[in-house]
Amino acid sequence: MGPLAPTVLGECSAWSAAQGYSLGSAAGIGNLLERLSMWMEEVGAGVDDLDEDVLAEFVAAELSRELPCASVQRWTGTMSRFLASAGYLGAARKRPDQLTPVQAAAEDWRSWMREQRGLTDKTIVAYCHYAASLLDEMTATDGSVEWDRLDAAIVNSYIAERGRPYGVVARAHIVGSVRCLLRWALSTGRLNRDLTGGILKPAGTRRSVPRGVDAEQVAGLLAVCDPATAIGTRDRAVVVTLVRLGLRAGEAARLRLDDIDWASGLLKVTGKGREHTLPLPVDVGQALEAWLRLRPPALDRAVFVRLRAPRQMMTVAGLSGIIARLSDLAGIDQIRAHRLRHTAAMDVLAAGGSLTEAKELLGHVYTVTTMTYAKVDLVSLRELVVPFGQVP
């Protein structure tokens with residue numbers, strides 16, 4: 001019943017199978033889509049009317065029942081992804097006159113960052129996440145934005161409160177986001193004075209000594225990877241690749257099958273908008289080979305893919321989460337993927353390598369970036385230490 005039957009329901013069944021969902025999961029997604037179709041018929045909505053607002057109304061109606069369907073909470077996100085990928089789900093169509101003054105200001109700021117600054121969508125989303133709520137501090141009772149109320153004290157109070165649950169790095173991002181918002185307001189005439197000079201610098205942003213992991217911790221991570229299972233083989237390949245080649249989590253996540261040149265023993269790495277080629281060590285090649293023999297059919301040609309549907313390239317957070325999960329299983333302090341990158345660079349220096357060799361391994365553009373690892377090169381630093389009581 002409803003406007004989504006039978007065409008859209010049939011497409012959903014084929015999509016679920018292609019994504020790798022089990023029969024039970026596919027049935028749950030299809031059941032929720034059937035409920036959506038019946039509800040759309042009740043409210044008189046057609047396929048062309050389907051957008052985020054309509055979907056939100058459907059979910060609210062389902063959750064308001066005395067006994068909500070279990071599929072609503074479990075499969076709403078998956079159903080939304082299907083509808084969006086199939087081209088049936090449009091964005092919420094809000095006209096400019098329907099936006100509140102705060103929403104209109106935030107939309108103008110997004111357009112300015114995209115058109116004037118040339119920032120990527122990912123960066124724009126992050127900036128808005130950290131700083132857009134500053135606009136609420138200037139909202140009057142009638143909903144208008146009173147920019148004259150904004151001063152350095154209000155900005156610093158917002159930064160301190162917004163950064164309270166976060167760490168040092170996120171607090172620095174909050175300060176940068178707020179500065180961007182204030183530059184936009186000044187350049188567009190909303191502010192008549194520059195407040196950025198009065199913003200306090202977040203404490204503790206000075207770069208410290210890189211922290212790696214020792215050989216025992218690496219062995220502990222590898223020991224909890226079960227080579228008899230696909231997930232254990234994949235996790236082992238991730239650990240060996242990160243600790244031996246020093247890849248960023250994003251670089252490892254973006255590795256594709258075509259990036260491995262087995263004949264020449266080379267690996268193409270893409271990250272930070274650049275490409276560089278690394279030799280493929282024997283142990284890394286063996287770990288990758290063991291994983292690729294068990295790698296299930298996937299939706300893309302990523303080397304490291306999810307083992308649950310949808311089987312596709314792992315996200316950066318998911319890949320870094322592997323290292324965190326393994327460290328918990330190994331009973332050591334929780335670590336993340338980037339510490340394995342530090343370990344790779346520190347191993348180069350510990351083995352007598354130079355900063356130039358570490359720079360080539362890590363793919364740094366500027367030598368000054370790699371020079372931070374000189375702080376942990378104890379062998380070289382000992383030669384510079386002046387014996388007690390002597391003048392150099």
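Student: Which residues does L134 touch, not counting residues up to four places away in sequence?

Tutor: This is a predicted model, where local features need pLDDT of at least 70, side-chain atom pairs count only at pLDDT 80 or more, and totals for chains, interfaces and linings use all residues. Residues are numbered from 1 along each chain as its sequence is written, and side-chain values use heavy atoms, leaving out hydrogens and water. Contact means heavy atoms within 4.5 Å. By that rule L134 touches L150, Y158, V178 and L181.

Student: Is L134 buried or exposed?

Tutor: L134 sits in the loop between α6 (121–131) and α7 (152–162). Buried means under 20% relative accessible area, exposed over 50%, and partly exposed in between (1.4 Å probe, protein chains only). L134 has 0% relative accessibility, so it counts as buried.

Student: In which helix is S16 found, and what is its relative accessible area?

Tutor: Helices are DSSP runs of H or I with at least four residues, strands are runs of E with at least two, and both are numbered from the N terminus. S16 is found in helix α1 (residues 7–19). Beyond residues up to four places away in sequence, S16 touches Y21, A26 and I29. S16 is buried, at a relative accessible area of 1%.

Student: How are α14 and α15 oriented, roughly parallel or roughly antiparallel?

Tutor: Axes are lines fitted to C-alpha atoms, for helices over the stretch in contact, and angles run from 0 to 180 degrees between N-to-C directions. Helix α14 (residues 337–350) and helix α15 (residues 355–362) pack at about 150°, with axes 9 Å apart. Angles under 35 degrees count as roughly parallel, over 145 as roughly antiparallel, 65 to 115 as roughly perpendicular and the rest as oblique. That angle makes α14, relative to α15, roughly antiparallel.

Student: Which residues of α15 make the contact with α14?

Tutor: From α14 come R341, A344, A345, V348 and L349. The α15 side is made by L355, E357, A358, L361 and L362.
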